[in-house]
4 protein chains.
Amino acid sequence: MIAFLKGAVFERRPDSIIIDVNGVGYEVNIHSRLFPRLPQRGEPILIHTFLQVLENEFKLFGFLDQDELRLFKTLLTVSGIGSKGALAVLSTMEPLVFYRAIASQDEKTLVRIPGVGKKTAQRMIFELQDKVPELKLVEVEKEQRPLLDELMEALEILGYSRSEVLPAIMDLNRNKQLGNIVEENIKLVLKAKAQEMRR
Amino acid sequence: MIAFLKGAVFERRPDSIIIDVNGVGYEVNIHSRLFPRLPQRGEPILIHTFLQVLENEFKLFGFLDQDELRLFKTLLTVSGIGSKGALAVLSTMEPLVFYRAIASQDEKTLVRIPGVGKKTAQRMIFELQDKVPELKLVEVEKEQRPLLDELMEALEILGYSRSEVLPAIMDLNRNKQLGNIVEENIKLVLKAKAQEMRR
Amino acid sequence: MIAFLKGAVFERRPDSIIIDVNGVGYEVNIHSRLFPRLPQRGEPILIHTFLQVLENEFKLFGFLDQDELRLFKTLLTVSGIGSKGALAVLSTMEPLVFYRAIASQDEKTLVRIPGVGKKTAQRMIFELQDKVPELKLVEVEKEQRPLLDELMEALEILGYSRSEVLPAIMDLNRNKQLGNIVEENIKLVLKAKAQEMRR
Amino acid sequence: MIAFLKGAVFERRPDSIIIDVNGVGYEVNIHSRLFPRLPQRGEPILIHTFLQVLENEFKLFGFLDQDELRLFKTLLTVSGIGSKGALAVLSTMEPLVFYRAIASQDEKTLVRIPGVGKKTAQRMIFELQDKVPELKLVEVEKEQRPLLDELMEALEILGYSRSEVLPAIMDLNRNKQLGNIVEENIKLVLKAKAQEMRR
């Protein structure tokens, strides 16, 4: 429900930050790699958040970019991994490193994460491998991402699966043919697919 | 509890939108017909919302007009239909089209909605038919609606049923006799009903 | 947790009002006597609220003055009376009328409330009679009330019961001896009680 | 989730305060020692808060400084002590007095707290004694505290226990060697520990 918070840093701690948003101080849990990258007290910050609703507590988790938030949400879908485990992954490595480890079934890298043994590493690989297409999108230049996410999800809504449209999107993006209006981009992708069919 | 959010579009996705309301980014789920009608990033938006409180999640659902919000809430009262099903209805058709299908027991139109088979269509018709008076009100010009809603509900509170007062309201509205102050409109309706009784 | 909302009237309905508080539209349930006293659309409003947390819903109830809010909360403590019943009481009569009916065990007045039969009326009288001292405070001029509430509750915290200190408070108030600083008022009451002991 | 509220005092009561934060009035429960130290109506206030999520209620508890909030949270971890008991402790004594009583197993002081008998006092001592290092930190000048907290927690994240690093932190602090940047302070502490090892 709360996708981000934009305000001033009130207090920085290694595992959490308090952000002043118009007089309400939100306590946001963060992973330890984030701490050195945090602005100083009083400085502005926009942090992408996930609101966890527990039986007797509401907890906010925050990330400086949406790739980390997306990976955090994906990790919560893995059986046996809660918010603590998901934070441990992000405290240990960047999303890209993690996706590569999943894609290449690299258990050795995964067991470096505190609390992740051989069994959890295997379960991660087993449950996340089909979600690895994320990996290709991740390698695209950072500033393109929101547009490509928006385009990808629009096509999914229209019934196309990721693997069906990802190649066309990557070609169009590599050839700088994608514009800023998602409806136009959808037409370009469908045209490219139609041409592909005729070949 | 949260009836609307007014802020700036932060991010648009085919099935959700993030709205910046004074530094808090609210993630609001939307139906797919809404996506093309959304303002662009950074532009102002007012979206009518429904807050769903689940055991481990709070979810917001948003609509650009109150007719859609009202239909969404009505659909949630139909046994077996949750937020996903209600969104599917609104993704497929305007409220007016849906109300007509219910009023005319038109199962063929209803089964066009993803996830709605013959059984669900019949249950919709059975459970919603008595709520169809909504249909007449819906045909009235859009900008009149808030006034007529307010008037209708005021009379209900005073003990009148919809069917008792709807004819008088529609006549007064057709003859442009209704003003802006609901208390005055109540008097006009009751006077019309009294005259009706004497005839 | 949310004691009041201060914003602009967005929409008025006989049984609820939507208030725009810096871009968030809060839907607040009201009793029907309140509807005619509501400001018009766009006008400022401050409404005293009670936040009800249910398993799958958050509901706000609102009142234009704190006496009504206080009675609403008191009614919720009566076994068998929920928010709907409490609103019905306030829709039917002012707090003062209700307190008098309780104090004088006047079942006839209480059964005028929709949904309140003989049994519920008797249970109300039985469970609320010891809370009737509220009645004496209610008769004091409106603008004195916050001060007297603050003073009463401060003395309760110090261990005095209502009935012990109410007479002294009423005398001091009648003789215009109470000032604006609650700590000073506490001393005045304790001095009055000490003198009373010596007599 | 809500670490503080910053707004204007709307209403002061011996056991609670209502704060106006941009049009939303938050009701915050306080301990009775706080009441005389509260600003007057209309004056600005920043209060450190704890949000308690119960099955049918959300409750906020507020403190004028973070030591009291920290002790309140610590007390909630003691079996058999809820928010009411934790408030009773803070209503009776300053954190420093409480920590000393725990450190010196002084049951006589603890049973002065309303609702705390011999058994609860012993349970407090038994469950809180290992958390007493707090005591040393508490004696450091007030304005140093946020820096030392931040430094202490950073080192804990890196795997050092409190008792391992507390002596080094206190020495560096006594000799005015700690600066404002926590990363620099971490290096100083680790260097001091390394030298200690070589001796």
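Predicted model: local features only at pLDDT ≥ 70, side-chain atom pairs only at ≥ 80, totals over all residues.

Entry two. How many salt bridges does the rule find across the interface of chain A and chain D? I got 5. I also looked up polar contacts between chain A and chain D, and the count is 9 residue pairs, both residues at pLDDT 80 or more.

Which strands of chain A supply residues to the side that touches chain D? I noted strand 1 (2-13), strand 2 (16-21), strand 3 (24-29) and strand 5 (57-63), each with at least two residues. Strand 1 of chain A gives the most, with 5 residues. I then sorted that side of chain A by residue type: 11 nonpolar, 5 polar and 9 charged.

On to the whole contact. Chain A puts in 25 residues and chain D puts in 24 residues. I jotted down that the size of an interface is often given as the accessible area lost when the parts come together. For chain A and chain D, the buried area is about 2100 Å², with 60% of it on carbon and sulfur atoms.

Last, I checked strand pairing between the chains. Strand 3 of chain A pairs with strand 1 (residues 2-13) of chain D, antiparallel, over 3 bridges. Which residue in strand 1 of chain D is the bridge partner of Val24(A)? I found Leu5(D).

Key. Residues numbered from 1 in each chain as written. Chains lettered and ligands numbered in written order. Heavy atoms only, no water. Contact = heavy atoms within 4.5 Å. Buried area = accessible area lost by both parts, 1.4 Å probe. Salt bridge = Lys/Arg side-chain N within 4 Å of Asp/Glu carboxyl O. Polar contact = N/O pair within 3.5 Å; in protein donor to acceptor, adjacent residues only side chain to side chain. Helix = DSSP H or I, 4+ residues; strand = E, 2+ residues; numbered from the N terminus. Nonpolar A, V, L, I, M, F, W, Y, C, P; charged D, E, K, R; others polar. Pairing = 2+ DSSP bridges.
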